[in-house]
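This briefing goes through selected local features of the structure shown below, grouped by topic. Please keep the sequence and the coordinates at hand while reading.

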Amino acid sequence: MDMESWKLLRSVCVLSFLLGSCFVYQSLRVVDAQEDPKPAVTLQVDASNGGGRPIPETLFGIFFEEINHAGAGGLWAELVSNRGFEAGGQNTPSNIWPWSIVGDHSSIYVATDRSSCFERNKIALRMDVLCDSKGCPSGGVGVYNPGYWGMNIEEGKKYKVALYVRSTGDIDLSVSLTSSNGSRTLASEKIIASASDVSKWIKKEVLLEAKATDPSARLQLTTTKKGSIWIDQVSAMPVDTHKGHGFRNDLFQMMADIKPRFIRFPGGCFVEGEWLSNAFRWKETVGPWEERPGHFGDVWKYWTDDGLGHFEFFQMAEDIGAAPIWVFNNGISHNDEVETASIMPFVQEALDGIEFARGDANSTWGSVRAKMGRQEPFELKYVAIGNEDCGKTYYRGNYIVFYDAIKKAYPDIKIISNCDGSSQPLDHPADYYDYHIYTSASNLFSMYHQFDRTSRKGPKAFVSEYAVTGKDAGTGSLLASLAEAAFLIGLEKNSDIVEMASYAPLFVNTNDRRWNPDAIVFNSSHLYGTPSYWVQRFFAESSGATLLTSTLKGNSTSLVASAISWKNNGKDYIRIKAVNFGANSVNMQVLVTGLDPNVMRVSGSKKTVLTSTNVMDENSFSQPEKVVPHESLLELAEEDMTVVLPPHSFSSFDLLKESAKIRMPISDSSSHQKTTTV
Ligand code: AHR
């Protein structure tokens, strides 16, 4: 090409570019006529090699507490509630709720007694059938269990029902899944056995395949044979659970999509109890499910059969790929305490609980795990001594005894104190201190700076519970989620001192809301994420990424932004995240420096925006996607671009960095980069 032709081509290119830019600019003006295209603020991002700081691998995780039926009637897929009739305790008459009778009192009489074959849960149900094949109603009489506000039975799926039974005569028992009033049978099988077979307790199992779908089904055990039958430990599990490990698939997936790097469990207040006698004690939750006594969690006020026990929590952590963080009771509940002089049994219990998880299969408690089918140890590197009881009379004394004993036996285990070390140094040793915050939206938004001035010496911070609560939050508003997004950006920026963070609570079954708001809302068959859930998804790539130095310039009191870079499948990305907490749209110029323009190019990128027409908007079963992130291509991604941040929104801009494709210079003297608005 000669010089004249080159100049002509160059002029055509420049003209086309100017016309193109003009067209894009005009189009955007049409879409959003009120926009002032002049950027009000600039986010300067230094993406030069070595310019950033690594974000801890563990930064964002989840906190699973048995609250709101998160586990029993939630993630744990067991369909029967109160399967051993123990909900009223170990004495008779116990509480058989939600079991009830099929038939009337002239044909069936039920009572609890203490004749079970299981030592730790002696209660069984005795059914006296007063009618026979001529006198009983055609479907028979017996008992039914509606599960946790209805069992979700799905056509074509299989359900394994197991129960223990005993009788003085032959038995002919129908095990059925039916509609909520029993009028429609979805699946049914018989258990027939001779008197000699069932003269002692015997386990029977049937596999039911559903002919139809019903989200509010029940399990029925009925007969037309006169006589007395005892039943105990009745379980109905879907065959299809996550990895066959007993977790409800849809809820598990929702949780996994957060890509949590750790999982704190099993509480919270659930670990403490109102009274120590009702606290979660791990030894009561391991071994065969039939032998677990279950317990009444007196803080959240419901019975759990403890099918989701100490073993299953570690399994859950492993299945989700998150580091387990076990919180154990430190001899302190909301209302009573064990004094330090008598704390050793609790300390031994904690040591045994660690050995259960990570001891070899020949160790005392590792062998219990091995008998449950798991030879190799689980990973356990973090434990928390108690929950929210710093300042109680025996907290410090007890803590030191736990700390010394655990560090002596397991020097590599990191220990979490629940005293806040962010404002003053702890008066006891710890690897982490636990920090909880529930507050209004404006407070949490301004707490973006919370850890800016925290001492960098001493233990790291674990923000294990945070959320906007109260009227700003409702049952999960956009407003709450935006404040949380700003707070999380603050944590990301302070991740040299804050190493872990999790929202609370994670789950709520809407039939028994004990706490508002929550991240994942469900009933027997449906679920949705609150805006707070979706905010957490924006941070899934942050753990282990690089925090880029970024500075927001201009009038930005209602804006918070950050930038990270990370790799995925061998590709390099930069993610800019920005919260616009204000009621006006803002144009933000993003200026990424430190990328070699001759080697790197930003392309194939996307933007994701979480917003809604009203800042108090929430999702619901009828509108589960009213406030969810919307993704679109970021076609005009450049090192210098202007992005529009809608009012009350959280946006991310993912820039894919690709290897160089030679750029066409737009003018001989142009060293400046183009500016585009997206
Ligand atoms: O997340 C709900 C409760 O809030 C937790 O159980 C407790 O730790 C906190 O008070």
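This is a predicted model: local features need pLDDT of at least 70, side-chain atom pairs count only at pLDDT 80 or more; totals for chains, interfaces and linings use all residues.

**Ligand site**

- Glu65 places a polar side-chain atom 2.6 Å from an oxygen atom of the ligand, while for Glu465 the corresponding separation between a polar side-chain atom and a ligand oxygen atom is 2.7 Å.
- In the side chain of Tyr438, an N or O atom lies 2.7 Å from an oxygen atom of the ligand.
- Taken on its own, the ligand has 280 Å² of accessible area, of which the protein covers 94%.

**Helix pair H5 and H7**

- Two packed helices are described by the angle between their axes and by the distance between those axes.
- For helix H5 (residues 344–358) and helix H7 (residues 395–409), the axes come within 10 Å and cross at roughly 35 degrees, and the crossing of H5 and H7 is right-handed.
- On the H5 side the contact is made by Met344, Phe346, Val347, Ala350, Leu351 and Ile354, and on the H7 side by Val401, Phe402, Ala405, Ile406 and Ala409.
- Classified by type, the residues of the contact of H5 with H7 comprise 11 nonpolar, no polar and no charged.

**Backbone features in loops**

- A further cis peptide bond runs from Phe265 to Pro266, with omega near -5 degrees, and Pro266 lies in the loop between strand S15 (262–265) and helix H3 (269–272).
- Lys301, although not a glycine, has a positive phi of about 60 degrees, and Lys301 is located in the loop between strand S16 (295–297) and strand S17 (302–304).

Methods: Residues are numbered from 1 along each chain as its sequence is written. Side-chain values use heavy atoms; hydrogens and water are left out. A polar contact is a pair of N or O atoms within 3.5 Å; within protein, one must be able to donate a hydrogen and the other to accept it, and residues adjacent in sequence count only if both atoms are side-chain atoms. Accessible areas come from the Shrake-Rupley method with a 1.4 Å probe; for residues, only the protein chains shown count as cover. Axes are lines fitted to C-alpha atoms, for helices over the stretch in contact, and angles run from 0 to 180 degrees between N-to-C directions. Helices (H or I, at least four residues) and strands (E, at least two) are DSSP runs, numbered from the N terminus. A crossing is left-handed if the near helix is turned anticlockwise from the far one by less than a right angle, and right-handed if clockwise. Contact means heavy atoms within 4.5 Å. Ala, Val, Leu, Ile, Met, Phe, Trp, Tyr, Cys and Pro count as nonpolar, Asp, Glu, Lys and Arg as charged, and the others, Gly among them, as polar.
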